[in-house]
Amino acid sequence: MTIGGVETRLAAIAHRVRTVVGPVATTIAETAAALAAAPGAESVANEATQIGKAARQLADMIDAVRPELGPDASIETVCSHLRHDLRTPLVALKGYGELIQEIAAGDGLDAVGTAAGLLLEEVAEVMVAIERALPALSRALTAEDLSSEADPPFTPHLAGRVLVADDSQANRDVLVSYLTREGHYVEAVGDGLAAVSAVLEQPFDVVLLDMIMPGMNGDEVLKVIKGEPRLRSLPVIMISALDAFDSIVRCIEEGAEDYLPKPFNRVLLRARLGACLEKKRLREIELSYLAAVEKELTIARVVQNSILPKAFPAHHCLNGHGLMVPAREIGGDFYDFFVLDDNRIGIAVGDVSGKGVPAAVYMAVVRTQLRATALFGLSPADCLTRVNDHLSAENEQGMFASLFYGIIDCADGTFTYANGGHNWPALLRADGTMEWIKGANDLLVGVVYGSAYHESSLTLAPGDTVFVYTDGVVEAIDPAEAEFGKHRLAAELAGKAAESPAALCDGVLAAVRDFEGGQPRSDDLTCVAMRFLGGHGDVSRFEMRIATEIAEIGRLINALQAHFSHRAVAEEAAYPLTMAIEEAVINIIRHGDGTARAVSVRVVREEDRLVAEVIDDGPRFDPTHLEQGTANPGIGLHLIKTMVDGMEYVREGEFNRLRLVKSLPPSRIRSP
Amino acid sequence: MKIAVSHQGAIAVVTVSGRLSSAVADSFQERLLALLEEKPAAVVMDFAELSFITSSGLRALILAAKRGRHDGYHIHLCGMTENIHEVFEVSGLLRIFLIHPSLEEGLAAAS
């Protein structure tokens, strides 16, 4: 570059300052004069003088502007100095202008205040004019700077894969050599079609796209890239002459990341490319973080699903099904089935307040509490009372759950239930009619410590179905914000007595989804259906198998008590027989050699007596023939002998079979 | 949902209308608990225009009832529509609040 070229450019800068900034500066001088002459200006005379001085200084500087290139200066430093000098009088203009405005407002000098306001607006205009005449990024406008012959200072940067699309061989060469020296991998193509096939074929981190190319223009290539989902996030920098400002704006609106003016400036190119690559890197970090969070939620969902029962327990008197669909990845609904003994199965459905992770954690707590209590064989009301006490004892967060727990006795179809603030379940009779299972409306669990829970019961006829659900069903809303409601659920269930429990659940879910019309789910949704197929009719029979663990005894005794009380067996017979059975089982568990794996207990009613059998698979052990004085077992066995009216032992194959007989009191044996 | 708060002497009167959904339950709870900081003599809530309440809304009310029990005042709920009443009935919550058919009766009882 010749010295003459530099001089021409310096002259051009001076010209721009005069033509762009000059006229606004003249207006300022006029406004300053008008301000000094305004009625009441004498109170601000001193300030007005300072303003007049600053306005003249600005005008003189613009008249006299002669930029010169010093020994170590560049065009950019010249512009930067000029910007600085021109701003100096503006500081005085702005400062005194604001001061005058304040005084004018305080003293009611309206004309002075108006003139000062006008002056401040003009100062702002001069600022803008200076930026226009001497843009801070003037390197971009000044082609190659003299000083840029030297390597730009080294700054750490990201290397990337760059595609250059430009129809000018010279431009491609410049860009490829710049970018390669910066450490980027560069691929260059000469037209739009080649650019499209390149981005489709191989991965790039950024594309430099010339606006005007033969065949397919840069903006058309941009449209293709932004229209392809796989490429949408690929940053594109448009290359263009500055006079094509409108097309640049259009491209940025269409998704271009930035633009690069021609001819190229290394610093600018590096800055814009660096920004793109950094942005892309941050986006990738963000995406990987999101993916990690999603993965954790997916795992949480799998964990949560795994604690829901996989299937309804197989039972010849029952058929059942359950489903839970969370509103988010994980939810606060749950259901559970408990096998209490051979005749009785418990079903529970709960809904924890709130959604998402906090609800899911609380749900796990509620479910664990319930499981620990229910499997112990307690009645539904006792279960809810205990669960509620546990939950509400330490509950700072005000979390609570609605919880429905019912036990079906297959011997005769009795369904006993307690309801802690849960939606009334539906009862679908075998004839297709529908009713709500009301009664036992007690408080949500976890709210008030010591709250009492009650029990109700109803009798299921063969073919009757209990349908328990959560808010997600009845509170689902359609696009017009109407609620699904109980009436729609009733309509969905009515007449479907012949459909399987699974089909009922799926049908309700489909009806709710249809109703929502594709809106995002508002709540977790749970459906559980249980159908009673008919009892075995043998109400006098009890049968239960437990593991040889002390903890199992409680479950057995609770089940036995429920059996006796449900069949109105006289306490005089039921109590001692239960006690004798308990002693016998404890003997097996505590004093056996540990090889027994399970104990079965059966009780049948024979006319005027109850006959119990305790069977285990341990080694031969005849409790009826023990030597007097044997330690503890003797006491337990002595107790058994006192409690029952008859005791027999048989070894059958690998099993010990102990038979206990207890006579029923006379009042109970009168048959109808 | 709209919440309006006024005072009748030491009694705080809260009118809630529209849908008390999960989306607005947090701001409802915040507003309600801030009001309780003033330790009113009673809180009377007018639910005549309340069309829907979600479990998160119930949670806010339960927290208010607990606070009231601790600080010695009652929460009165007035003018519930049949639908809202059923939600309280099903949840077993009717027993932890004082329920009145209308705002007038609620105010009379609270005074």
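Colleague: Where is Glu481(A) found?

Modeller: Glu481(A) is found in the loop between helix 13 (471-474) and helix 14 of chain A, where helices (H or I, at least four residues) and strands (E, at least two) are DSSP runs numbered from the N terminus. This is a predicted model, in which local features need pLDDT of at least 70, side-chain atom pairs count only at pLDDT 80 or more, and totals for chains, interfaces and linings use all residues. Residues are numbered from 1 along each chain as its sequence is written, while chains are lettered from A and ligands numbered from 1 in the order in which they are written.

Colleague: What about Lys39(B), where is its place?

Modeller: Lys39(B) sits in the loop between helix 1 (22-36) and strand 3 (42-46) of chain B, and its phi is near 50 degrees, again a positive value in a residue other than glycine. Lys39(B) has 13 C-beta neighbours inside 10 Å, so it counts as partly exposed.

Colleague: Back to helix 14 of chain A, which strands does it lie across?

Modeller: Helix 14 (residues 485-493) of chain A lies across strand 11, strand 12 and strand 15 (465-469) of chain A, and runs at about 20 degrees to strand 11 of chain A. Such angles run from 0 to 180 degrees between N-to-C directions, with axes that are lines fitted to C-alpha atoms, for helices over the stretch in contact, and two residues are in contact if their C-beta atoms, placed from the backbone, lie within 7 Å. Helix 15 (residues 501-516) of chain A packs on the sheet as well, touching strand 6, strand 15 and strand 16 (525-532) of chain A, and its direction makes about 150 degrees with that of strand 16 of chain A.

Colleague: In what order do the strands of that open sheet come?

Modeller: The five strands of this open sheet in chain A follow the order 6-16-15-11-12, with antiparallel pairing, where two strands pair if DSSP finds at least two bridges between them. Strand 6 (318-325) and strand 12 (434-436) of chain A each have a single partner strand, so they stand at the edges and one side of each is left without a neighbour in the sheet. Strand 11 (residues 426-428) of chain A pairs with strand 12 of chain A over three bridges, in the antiparallel sense, and Leu428(A) stands opposite Met434(A) in strand 12 of chain A.

Colleague: What about the other sheet, with strand order 17-18-19-21-20?

Modeller: That one is also an open sheet of five strands in chain A with antiparallel pairing. Strand 18 (residues 598-606) and strand 19 (residues 609-616) of chain A pair over eight bridges, and the bridge partner of Val603(A) in strand 19 of chain A is Ala612(A). Helix 16 (residues 550-566) of chain A lies across strand 17 and strand 18 of chain A, at about 170 degrees to strand 17 of chain A.

Colleague: Changing topic, which residues of the largest nonpolar core touch the most other members?

Modeller: They are Leu403(A), Tyr405(A) and Ile581(A), out of 129 residues in this core; a nonpolar core is a set of buried Ala, Val, Leu, Ile, Met, Phe, Trp, Tyr and Cys residues joined through C-beta atoms within 7 Å. Helix 17 (residues 571-591) of chain A gives the largest share, nine residues. A second, separate core has 36 residues, including Ile13(A) and Leu119(A).

Colleague: And how many residues of chain B are in contact with chain A?

Modeller: On the chain B side there are 12 residues, in contact with 16 residues of chain A. Helix 2 (55-71) and helix 3 (82-90) of chain B are the elements that give two or more residues to that side, and helix 2 of chain B gives the most, with five residues.

Note on methods
A residue is buried if 20 or more other C-beta atoms lie within 10 Å of its own, exposed if 12 or fewer, and partly exposed in between; C-beta atoms are placed from the backbone.
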